[in-house]
Amino acid sequence: MEETEKAERKKVILSGIQPTGVFTLGNYIGAVKNWGKMQDEYHCAYFIADLHSLTIRQDPAALRRQSLDAFALLLACGIDPEKSLVFIQSHVPTHSELSWVLSCYTQFGELSRMTQFKDKSARHADNVNAGLFTYPALMAADILLYQADMVPVGDDQRQHLEFTRDIATRFNNLYGSTFKLPEAYIPKAGARVMSLQEPTKKMSKSDENQNAFITILDEPNVIINKFKRAVTDSEKEVRFSEGKDGINNLMTIYSVFTGKTMEQIEAEFEGKGYGDFKLAVGEVVVEEPREVRENFKRYIADKAYLEQVYRAGAEKAAAISARTMTKVKKKVGLLASL
Ligand code: AQP
């Protein structure tokens, strides 16, 4: 088979991350770490979802800085712009354009059922804006514009992906085949890393309690200390079972970094206390962030390079997504301008 023919058959992978803070261990093992691994096998597109982050009030200067940091962090985590399409969402206007069209094919009732909307509107009760509500339509646009086959995300995004499939199916039924139906690609372990302080809640980079999350740029002593302070339970046994949310979460993290099963971990820590276990978790986690931190320092010091990469990415993303957008406009009856 010809090389080009083989390349054309590669599946399209797409995912994004908000520049709402430094990536957490949850973002890393639930999403970004896997993105890097997929670059050789698939056509990958990864973006900084800055439009999504406007659903929560942001300080403008901080958002600009965080967007550049997040872009540098993507590269630091191993996303290679020679292999993958990397861009910043607001640099590609088709995302907002398709989002509007899709929101006109979305029902109020289905958006009201979204868990993330319920969680975030409870957390930000003074700012329950329309963007927070229609967030899934923008996420559907992000994915459908590139005709993505697979979307690697954490388990928390499963519901949004199902919504994306629903809306794509609805549109295809009305107007004929327009969008590819994307599959969720959710890692088996680490798909939902929980807060270290409230282990029934997912770990979030915008959590006000700094001890609740580990960031991928935290120094080793900070990582170890956060694990030492992690909330567990009043028992003593390192055992994976219902109700032991704190321990289950720490065991999941340990398992992702060591490749050990829950049974192996239970055996390893039999007769040892939680203190020893928490220290061991911290020690296995520190190595990968060390490498990411060093890469990040190098990229963020070279603004001209970052600018060149995100400009080239935006140009390419605009060209690819325009194909779908043109098709959509024609199908819904918008008069062509060219
Ligand atoms: N705790 C988590 N465990 C596993 N995966 C996670 N992801 C997020 N939190 C966890 C995955 O990370 C990717 C990027 O997420 P995002 O930044 O776009 O938005 P989010 O899901 O809202 O993440 P945060 O950290 O909770 O951000 P804030 O605090 O700003 O709301 C997604 O693939 C997500 O599944």
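Ser67 lies in helix α4, which spans residues 60-76. In this predicted model, Ser67 has a relative accessibility of 9% and therefore counts as buried, the cut-off being under 20%. Beyond its neighbours within four places in sequence, Ser67 is in contact with Pro19, Ile48 and Asp50.

The ligand is surrounded by 22 residues. The closest are Thr20, Asp156, Ser204, Lys205 and Ser206. By residue class, the shell around the ligand divides into six nonpolar, 11 polar and five charged residues. Two elements, β1 (12-17) and α2 (25-37), each supply at least two residues of this shell. The largest share comes from α2, with four residues.

Several side chains place polar atoms by oxygen atoms of the ligand. For Ser204, an N or O atom of the side chain is 2.6 Å from a ligand oxygen. For Lys120, the distance from a polar side-chain atom to an oxygen atom of the ligand is 2.8 Å. For Gln157, the corresponding distance is 3.4 Å. The ligand taken alone exposes 640 Å², and the protein buries 98% of that area.

The structure holds 20 salt bridges. One of them joins Asp155 and Arg192, with the closest N and O atoms 3.2 Å apart. This pair links distant parts of the chain, 37 residues apart. Asp155 sits in the loop between β4 (150-152) and α9 (158-175). Arg192 sits in the loop between β5 (183-185) and α10 (220-228). Asp155 has a relative accessibility of 22%, so it counts as partly exposed. Arg192 is also partly exposed, with a relative accessible area of 40%.

A salt bridge also forms between the side chains of Arg293 and Glu219, at 3.7 Å from N to O. Here, too, distant parts of the chain are linked, with the partners 74 residues apart. Arg293 belongs to helix α14 (residues 287-300), whereas Glu219 lies in the loop between β5 and α10. The relative accessibility of Arg293 is 10%, so this residue counts as buried. Glu219 is partly exposed, with a relative accessible area of 39%.

Helix α14 also contains the pair Arg290 and Glu287. These two residues are three places apart, about one turn of the helix. Their salt bridge brings the closest N and O atoms to 2.9 Å. Arg290 is partly exposed, with a relative accessible area of 30%. Glu287 is partly exposed as well, with a value of 45%. Elsewhere, salt bridges that share partners join Asp233, Glu235, Glu237, Arg239 and Lys244 into one network.

Glu268 is found in helix α12, which covers residues 262-268. Its relative accessibility is 29%, and it therefore counts as partly exposed. Residues up to four places away in sequence aside, Glu268 touches Tyr254 and Lys260. With Lys260, the side chain of Glu268 makes a polar contact of 2.9 Å. Glu283 stands 15 residues from Glu268 in sequence. The C-alpha atoms of Glu268 and Glu283 are 15 Å apart in space.

Conventions. Residues numbered from 1 in each chain as written. Predicted model: local features only at pLDDT ≥ 70, side-chain atom pairs only at ≥ 80, totals over all residues. Heavy atoms only, no water. Near = heavy atom within 4 Å. Polar contact = N/O pair within 3.5 Å; in protein donor to acceptor, adjacent residues only side chain to side chain. Areas by Shrake-Rupley, 256 points an atom, 1.4 Å probe, with all protein chains shown as cover. Nonpolar A, V, L, I, M, F, W, Y, C, P; charged D, E, K, R; others polar. Buried < 20%, exposed > 50% of the residue type's maximum accessible area, 1.4 Å probe, protein only. Contact = heavy atoms within 4.5 Å. Salt bridge = Lys/Arg side-chain N within 4 Å of Asp/Glu carboxyl O.
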